[in-house]
Amino acid sequence: PDLFKLVVDEGPTTRWVLSVGVGYGATVDEQGTQYCVGHFDGYSFTNDNPPSTVLRADAGPDFYAAQGWNDTPHGRKLWLAWMNNWIYANQIPTGLWRGAMSLPRDLSLATTPAGLRLVQQPIGEVAKYRRQHFHRQSQPIDSRGLLLDNLPNSALELLIEFTIDPAQPAASFGVHIGAADSGWITIGYTVAEGALFLDRTRSGQIDFNPAFAARYCAPLTLLAGGVRLHLFLDHTSVELFGNDGLAVLTAQFFPMCQPTALSLFAQDGIVHV
């Protein structure tokens, strides 16, 4: 567990956050890092929400045992977590490692229609690792999709802004990472659900545990008629931040070979990228 104070909406108001890692004995959907927002008087923590309100820091399956730093310069609150899940941690098809650590993340609180919610963003310092840059602009995507192949490697940072076409609004849209011969992971947004999703049911090696192949969702409200995605792909993991960190999903996946293609898609309409 961890207990720390965060700034709300960039200040000056603050609230306390109590986080806890949920592991053995829970389902794969319950496992990970949960948190409560409330007040702390030095002796007792009081939750702002009823016990039935369960808040997850990361809606993906692989963000467990989050650990933060204290007394960081400039008052930043940073944490990272183990990218794995005890349901299958000892069965994942890797030879020299078992999971990895997530990127360090900057934490804050934001006011939403549902109440105060945790906001996580990758620390800005990771930008120094950027190398070759690719750019596409004003690209309409329909049911035919758009294939971006021959990627230089499988360690990528992607910034993608989707805007729904008002005349022909897409029902869902997103990006496939990988290909049919290697397996692929799908990241997208479903308008009817109002949710960001991550689907690894066809992501390559999935038969080592029956709980691994699944689809995960995080509620997310459209922002100016669209969704802004910031994701980090690192060979066998993906960390996804939606609308500047209001929704976050982290997951491992194990393709048969390294993914070298991205495919943007839209269903039942058009989206602009």
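This is a predicted model: local features need pLDDT of at least 70, side-chain atom pairs count only at pLDDT 80 or more; totals for chains, interfaces and linings use all residues.
Strand β9 covers residues 105–112 and runs antiparallel to β7, to which two bridges join it.

Strand β10, residues 115–122, is likewise antiparallel to β9, and eight bridges join these two strands. A hairpin of two residues links β9 to β10.

## The surroundings of K77

K77 is placed in the loop between β6 (64–68) and β7 (78–83). Apart from neighbours within four places in sequence, K77 is in contact with several residues, among them R105, D106 and L107. D2, F4 and L6 are also included in the contacts of K77.

K77 is buried but has no salt bridge. A polar atom of the K77 side chain does lie 3.1 Å from the backbone oxygen of W69.

## The six-stranded sheet

An open sheet is formed by six strands in the order β12-β21-β14-β15-β16-β17, with antiparallel pairing. Its edge strands, each pairing on one side only, are β12 (146–149) and β17 (215–219). From one strand to the next, the twist averages 15°.

Within this sheet, β14 (residues 172–179) and β15 (residues 183–190) pair in the antiparallel sense over eight bridges. V175 stands opposite I187, a residue in β15.

Key: Residues are numbered from 1 along each chain as its sequence is written. Side-chain values use heavy atoms; hydrogens and water are left out. Helices (H or I, at least four residues) and strands (E, at least two) are DSSP runs, numbered from the N terminus. Buried means under 20% relative accessible area, exposed over 50%, partly exposed in between (1.4 Å probe, protein chains only). Lys and Arg count as positive and Asp and Glu as negative; His and the chain ends are not counted. A salt bridge is a side-chain nitrogen of Lys or Arg within 4 Å of a carboxyl oxygen of Asp or Glu. A polar contact is a pair of N or O atoms within 3.5 Å; within protein, one must be able to donate a hydrogen and the other to accept it, and residues adjacent in sequence count only if both atoms are side-chain atoms. Contact means heavy atoms within 4.5 Å. Two strands pair if DSSP finds at least two bridges between them. Axes are lines fitted to C-alpha atoms, for helices over the stretch in contact, and angles run from 0 to 180 degrees between N-to-C directions.
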